[in-house]
Amino acid sequence: MRNLVFRCLSCVAPLVIFAVSPATVGAPDWSMALEGEHRKEGNAGRNAFRHPRETLEFFGFREDMTVVELSPGGGWYTEVLAPLLHERGQYYAAHYGVNGRSYYRRALGNYLRKLGENDDVYGRVTITTLGGDSSSIAPAGSADLVLAFRNIHSWLGSDSLPQTMEQAFDALKPGGVLGVVQHRAKDGRDLEKMKSTGYVTEQAVIDAAAQAGFVLDARSEINANPKDKGDYEGGVWELPPSLRGDESTRDERIAVGESDRMTLRFVKPE
């Protein structure tokens, strides 16, 4: 416990008003965010592979931040971020618009359905547009943290990675952080192979971020998986949770777990 002490210039001794535990002041409810009833069946079980708390803490996450998640897909990380940011922060979910590819239309429709089913958790999520003008994912210079989880390969495939990086850069405050988690390829993999397999080299991500103006600040092995050799003919989707591929090797691929992933923290210079 820590006493809050107020000093009076006319008093001989300090006046202790009340005592408060620092652990309870503004502490995020990680238990609810990671294991709460709002989580879609099976999603909390992926925590063991995706290490959401450790990952977000590595990126410097706080519950009073303005956070942008790029292309949140089905909302796996939304289930974690939305309740943490609900009271004190701001959460922007940047989706491709309704006039994009059918995949993106379906993804957005499913995402909106998810949000509509639990207003108590998702009522303050703001949907913005990825792939639009430079300030369309959040007001320019407003974000503390921009997040990209396992989707760099998609932007490579659609030739939109430079534009996406520029949008992230423009949305961030000076000193703000871009956090990237991405399936990791061994050095030397060519661009077409990255697009088709989902595995991207760290250098390709670093180069794309640097081109937009970011500086690499730190790397982490939080999401590393040495069991994943990254050599599946059908790409990363042969591993959990997708598990595409030959049924005869399914158990072996389940035993590998999810993909080996880089975890990179970039900073927008001040």
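Colleague: What do the values rest on, and how many helices and strands does the protein have?
Modeller: This is a predicted model, where local features need pLDDT of at least 70 and side-chain atom pairs count only at pLDDT 80 or more, while totals for chains, interfaces and linings use all residues. Residues are numbered from 1 along each chain as its sequence is written, and side-chain values use heavy atoms, with hydrogens and water left out. Helices (H or I, at least four residues) and strands (E, at least two) are DSSP runs, numbered from the N terminus. The protein comes to 11 helices and 9 strands.

Colleague: What percentage of the residues in the protein is buried?
Modeller: Buried means under 20% relative accessible area, exposed over 50%, and partly exposed in between, with a 1.4 Å probe and protein chains only. Of the 270 residues in the protein, the buried ones make up 49%.

Colleague: How are H8 and H10 oriented to each other?
Modeller: Axes are lines fitted to C-alpha atoms, for helices over the stretch in contact, and angles run from 0 to 180 degrees between N-to-C directions. The two axes come within 8 Å and cross at roughly 55°. Angles under 35 degrees count as roughly parallel, over 145 as roughly antiparallel, 65 to 115 as roughly perpendicular and the rest as oblique. H8 and H10 are therefore oblique.

Colleague: Which residues of H8 meet H10?
Modeller: Contact means heavy atoms within 4.5 Å. On the H10 side, the residues are Val 205, Ala 208, Ala 209 and Ala 212. On the H8 side, they are Leu 161, Met 165, Glu 166 and Phe 169.

Colleague: Where is Asp 159, and is it buried or exposed?
Modeller: Asp 159 is in the loop between H7 and H8. Its phi is positive, about 60°, although it is not a glycine. With a relative accessible area of 62%, Asp 159 is exposed.

Colleague: Which residues does a cis peptide bond join?
Modeller: Most peptide bonds are trans. The cis bond here has an omega of about 5°, and one of its residues lies in the loop between E8 and helix H11. The residues joined are Pro 240 and Pro 241.
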